[in-house]
Amino acid sequence: MNQCTAVALLPPPDHLLALAAPGHRPEAGHVLCELGEEHDDQHAAMLWDEGGRPGSAVWVRWKGSGLARLTPLPWCPALDPRNEACELFAGHPSAHSWGITDPTDEAITQALVRQHPHLFPEYRDKEGS
């Protein structure tokens with residue numbers, strides 16, 4: 001499943017605006033939805049994790065071009081067959097992270113594999129199978 005392509009612009013927080021030098025306003029930043037395409041109407045991107053405690057990951061959630069909100073969410077407890085954890089929040093509305101492909105990242109990787117195959121032995125082995 002491909003990754004959702006929704007993007008949100010986040011204005012700088014008020015405390016950064018207060019600390020900014022006069023005439024040097026911080027710019028808005030952008031986040032890309034990390035969920036698989038065809039999820040429910042709420043997009044999501046993880047901003048930071050405060051140490052792996054339950055509910056310690058802070059996610060930004062938004063709908064369409066509306067207001068984004070920050071919310072702490074617990075990590076998804078699912079493990080893949082290699083015992084690697086899902087990198088999304090508990091109860092996420094799409095496939096687990098290992099089943100989501102970022103199409104832009106994949107296209108860049110494939111171009112690099114063609115140009116520099118010696119740097120990507122794991123892809124070379126897959127192509128030879």
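In the predicted model, the strand β1 makes the greatest contribution to the lining of the second largest pocket, supplying four residues. Two or more lining residues come from each of β1 (7-10), β3 (43-49), β4 (57-62) and β5 (69-73). By residue class, the lining of the second largest pocket consists of 14 nonpolar, three polar and one charged residue.

Two of the strands that contribute to this lining, β4 and β5, are also paired with each other. They run antiparallel and are joined by five bridges. Within this pairing, V58 has P72 of β5 as its bridge partner. The two strands form a hairpin in which six residues lie between β4 and β5. In the turn, G64 adopts a positive phi of about 55°.

The largest pocket has a volume of about 430 Å³. Its lining is made up of 18 residues, with E87, S97, W98, I100 and T101 lying nearest the centre. Helices α2 (103-115) and α3 (121-128) each provide at least two residues of this lining. The greatest contribution comes from α2, which gives three residues. Nine charged residues are found in the lining of the largest pocket, together with five nonpolar and four polar ones. The second largest pocket, in contrast, has one charged residue in its lining and 14 nonpolar ones.

The cysteines were examined for disulfides. A disulfide is a covalent bond between the sulfur atoms of two cysteines. With a cut-off of 2.5 Å between cysteine sulfur atoms, the count of disulfides is zero. For C33, the closest cysteine sulfur belongs to C4 and lies 3.9 Å away, so the separation is too far for a bond. C33 is also buried, because its relative accessibility is 0%. C86 likewise takes part in no disulfide, and the nearest cysteine sulfur, in C76, is 3.9 Å away. The relative accessible area of C86 is 3%, and this residue therefore counts as buried.

Definitions and conventions:
Residues are numbered from 1 along each chain as its sequence is written. This is a predicted model: local features need pLDDT of at least 70, side-chain atom pairs count only at pLDDT 80 or more; totals for chains, interfaces and linings use all residues. Side-chain values use heavy atoms; hydrogens and water are left out. Buried means under 20% relative accessible area, exposed over 50%, partly exposed in between (1.4 Å probe, protein chains only). On a 1 Å grid over the protein atoms alone, a cavity is a set of points where a 1.4 Å probe fits but cannot get out, and a pocket is an open set with protein on both sides within 12 Å along at least five of seven lines; lining residues have an atom within 4 Å of a point. Grid points are joined across faces, edges and corners, and a volume is the space filled by probe spheres set on the points. Ala, Val, Leu, Ile, Met, Phe, Trp, Tyr, Cys and Pro count as nonpolar, Asp, Glu, Lys and Arg as charged, and the others, Gly among them, as polar. Two strands pair if DSSP finds at least two bridges between them.
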